[in-house]
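Please read the following note with the structure open beside it. It concerns the spaces in the protein and the ligand.

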Amino acid sequence: MAHSILEVKDLHKSFGGNQVLSGVNFVVEEGELSSIIGPNGAGKTTLFNLITGLHVPTRGAVYFQGKNIAGCQPYEVVRRGIAKAFQITSIFPRLSVLENVTVAIVSQQKRNANLVTPVAKLKEVHAQARLLLESVGLADKADQQSGTLAHGNQKRLDIALALALKPKLLMLDEPTAGMSPEERRATVELVQRLWEQLKISMLFIEHDMDIVFGISQKVRVLCYGTLIAEGPPAEISKNKKVIEVYLGEEL
Ligand SMILES: Nc1ncnc2c1ncn2[C@@H]1O[C@H](COP(=O)(O)OP(=O)(O)OP(=O)(O)O)[C@@H](O)[C@H]1O
Ligand SMILES: [Mg+2]
């Protein structure tokens with residue numbers, strides 16, 4: 001029987017007088033690869049920010065493995081096992097690709113990378129970092145300065161940094177935004193392969209419907225701050241309401 005890993009309950013968020021989310025409810029099962037879609041300004045990123053601790057909900061709860069994490073600091077949320085990728089700002093542009101991943105692994109292990117860190121331990125961390133780089137297809141870029149990576153590869157590095165935190169749930173906000181069709185295809189393949197290999201839960205926001213319907217087990221549709229539909233891709237793509245408010249012109 002599937003267990004839920006994340007449960008969003010009656011989530012509300014307003015910024016001043018602007019009600020952005022109004023009573024959002026859903027459950028993510030353990031090991032699920034699912035998506036959130038909806039028009040611009042629907043509140044998708046805000047929902048992610050509430051789950052990852054960047055914002056505090058006005059009302060409602062976010063249960064992760066049974067514990068309410070709403071209002072927790074982002075570092076606590078990460079420690080509990082939720083990581084978010086595609087915040088390119090999390091990359092240190094002047095450090096090499098390998099150094100970036102090393103820093104992430106060391107921080108996950110709550111160890112300071114200073115002079116007292118035994119060389120043997122650092123060797124072990126470097127080996128882990130190289131494995132991670134291999135898994136995202138960046139092994140040959142290990143020594144390159146991160147800031148000079150192509151857009152698609154910066155996003156791969158961002159995934160590696162998120163994975164270094166050993167998440168149980170990986171959240172991806174528009175993983176293919178700004179990519180060429182070729183980079184898009186490669187990124188989707190990567191995300192799907194990592195999901196199959198790591199057997200973690202993944203929740204992603206995406207505007208490309210080929211991707212959404214191609215890889216999601218479940219699709220949730222957010223519109224003006226409320227969840228208007230939820231179900232398998234075949235059901236959602238035929239849902240009248242969803243076609244009317246979002247898919248209409250795209251399919
Ligand atoms: N920090 C903030 N302060 C004030 N308003 C905000 C803040 N963050 C988001 N909003 C507002 O919340 C609404 C939803 O924004 P959000 O970024 O969550 O939408 P989205 O569904 O991710 O859109 P997109 O598809 O364009 O990324 C918008 O009207 C936005 O202006
Ligand atoms: Mg957004």
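The numbered points below take up the ligand, then a pocket, then a cavity.

1. The model is predicted: local features need pLDDT of at least 70, side-chain atom pairs count only at pLDDT 80 or more, and totals for chains, interfaces and linings use all residues. Residues are numbered from 1 along each chain as its sequence is written, chains are lettered from A and ligands numbered from 1 in the order in which they are written, and side-chain values use heavy atoms, without hydrogens and water.

2. Helices (H or I, at least four residues) and strands (E, at least two) are DSSP runs, numbered from the N terminus.

3. A polar side-chain atom of Lys44 lies 2.7 Å from an oxygen atom of ligand 1. For the side chains of Asn40 and His207, the distance from an N or O atom to an oxygen atom of the ligand is 2.9 Å. Taken alone, ligand 1 exposes 640 Å², of which the protein buries 61% (Shrake-Rupley method, 1.4 Å probe).

4. The second largest pocket has a volume of about 320 Å³. A pocket is an open set of points on a 1 Å grid over the protein atoms alone, with protein on both sides within 12 Å along at least five of seven lines; lining residues have an atom within 4 Å of a point. Among its 14 lining residues, Gln128, Leu132, Leu163, Ala164 and Lys166 are the closest to its centre. H4 gives the most to this lining, with four residues. Domain 1 (1-81 + 168-251) and domain 2 (90-166) each contribute at least three residues to the lining.

5. The largest cavity holds about 40 Å³ of space; in a cavity, a 1.4 Å probe fits but cannot get out. Its lining consists of Pro175, Thr176, Thr187, Val188, Val191, Phe204, Ile211 and Ile215. These divide into six nonpolar, two polar and no charged residues, and H6 gives the most, with three.

Key: A polar contact is a pair of N or O atoms within 3.5 Å; within protein, one must be able to donate a hydrogen and the other to accept it, and residues adjacent in sequence count only if both atoms are side-chain atoms. Grid points are joined across faces, edges and corners, and a volume is the space filled by probe spheres set on the points. Domain bounds come from an automatic or database domain assignment. Ala, Val, Leu, Ile, Met, Phe, Trp, Tyr, Cys and Pro count as nonpolar, Asp, Glu, Lys and Arg as charged, and the others, Gly among them, as polar.
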